[in-house]
Amino acid sequence: MSKTLDSTSAMLANSSPAVALTKKKPYPFWLGGVAATIAASVTHPLDLTKVRMQATGDKGMIQSLRKTVRTAGVRGLFDGITGTWLRQMSYSLCRFWAYDESKKITGAGPHAPAWKLALSGSMAGGIAGLVGNPGEIIMVRLQGDFAKPPEKRLNYKNAIDGLYRMVREEGWSSLGRGLGPNVFRAVLMNASQLASYDFFKAELLKTGYFEDNIGVHVTASFGAGTVATTVCSPADVIKSRIMSASGKEGSSTLQVIRTSFRNEGAMFMFRGWLPAWMRLQPTTILIFVTLEQLRNLVDWTREWRGDA
């Protein structure tokens, strides 16, 4: 009997270091923001085109791209890039951090049902939409400015100048412009994009035909990007139209919806869907593939340093 107990104790003692090693430390909270910033920088021209189609009524993606190049040159395709960086390092950084924290609250583990993942994503979206609203406004205004007539342009030098001037000229309340639609869109985006990525990834791995590698990451990202584009399009259009207006042109959410519906019909809610999909699809793939690689890099660094 004593020999059995001794052998069991020895086995547990030998296995405890291995068990400890399998429990990874949390990843740095800013990884998601960095991954999103890299991805958004690559796909910025398509995002710029999407916003200008939504805000100014340009009829087609190619037409809008040509108009940008004709009026501002190729460099014009990267108008407002500082606004994109500000937005990603506020909104996206917050949403990835909040999503991980929300999953702890909802108990959404690796094989959680879709509703738990969606609930976690919704919670994260609400927090990130609130925190990232100023950056969202500046990004939309910088991207849409050159599509306006010269007399209506805001002419912000960069994202920081835009924030300073917006507060000085329109008051602190301007930082909350479009907050409702933006938070609503953020909830939809995170419930659809983050949750569906985790869901698709888990389902693919369940089949036994896939390993946790870049192929699974790309496939799951593709599904997540398509779901997110369709779900978020109505809120995205309304948000862009509200935020692109200056204080003098400001309209309430209901006024924007009524005017747009009266002039363009119900399909106005999906205006810019194609460039939005073409922008969000590679962005989603780049975000998650980059995020997974950054996590691998963190794991490798920790293993190399011996503090995994």
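Student: Is the crossing of helix 5 and helix 6 left-handed or right-handed?
Tutor: In this predicted model, local features need pLDDT of at least 70, side-chain atom pairs count only at pLDDT 80 or more, and totals for chains, interfaces and linings use all residues. Residues are numbered from 1 along each chain as its sequence is written, and side-chain values use heavy atoms, with hydrogens and water left out. A crossing is left-handed if the near helix is turned anticlockwise from the far one by less than a right angle, and right-handed if clockwise. For helix 5 and helix 6 the crossing is right-handed.

Student: How do the residues of the contact of helix 5 with helix 6 divide?
Tutor: Contact means heavy atoms within 4.5 Å. Ala, Val, Leu, Ile, Met, Phe, Trp, Tyr, Cys and Pro count as nonpolar, Asp, Glu, Lys and Arg as charged, and the others, Gly among them, as polar. The residues divide into 12 nonpolar, five polar and three charged.

Student: Are helix 5 and helix 7 roughly parallel or roughly antiparallel to each other?
Tutor: Helix 5 and helix 7 (residues 133-144) pack at an angle of about 160°. Angles under 35 degrees count as roughly parallel, over 145 as roughly antiparallel, 65 to 115 as roughly perpendicular and the rest as oblique. The two helices are therefore roughly antiparallel.

Student: How many of the 12 residues of helix 7 are buried?
Tutor: Buried means under 20% relative accessible area, exposed over 50%, and partly exposed in between (1.4 Å probe, protein chains only). Among the buried residues are I137, I138 and M139. Helix 7 is largely enclosed by the rest of the structure, because the number buried is 11 of the 12.

Definitions and conventions
Helix = DSSP H or I, 4+ residues; strand = E, 2+ residues; numbered from the N terminus. Axes fitted to C-alpha atoms, helices over the stretch in contact; angles between N-to-C directions.
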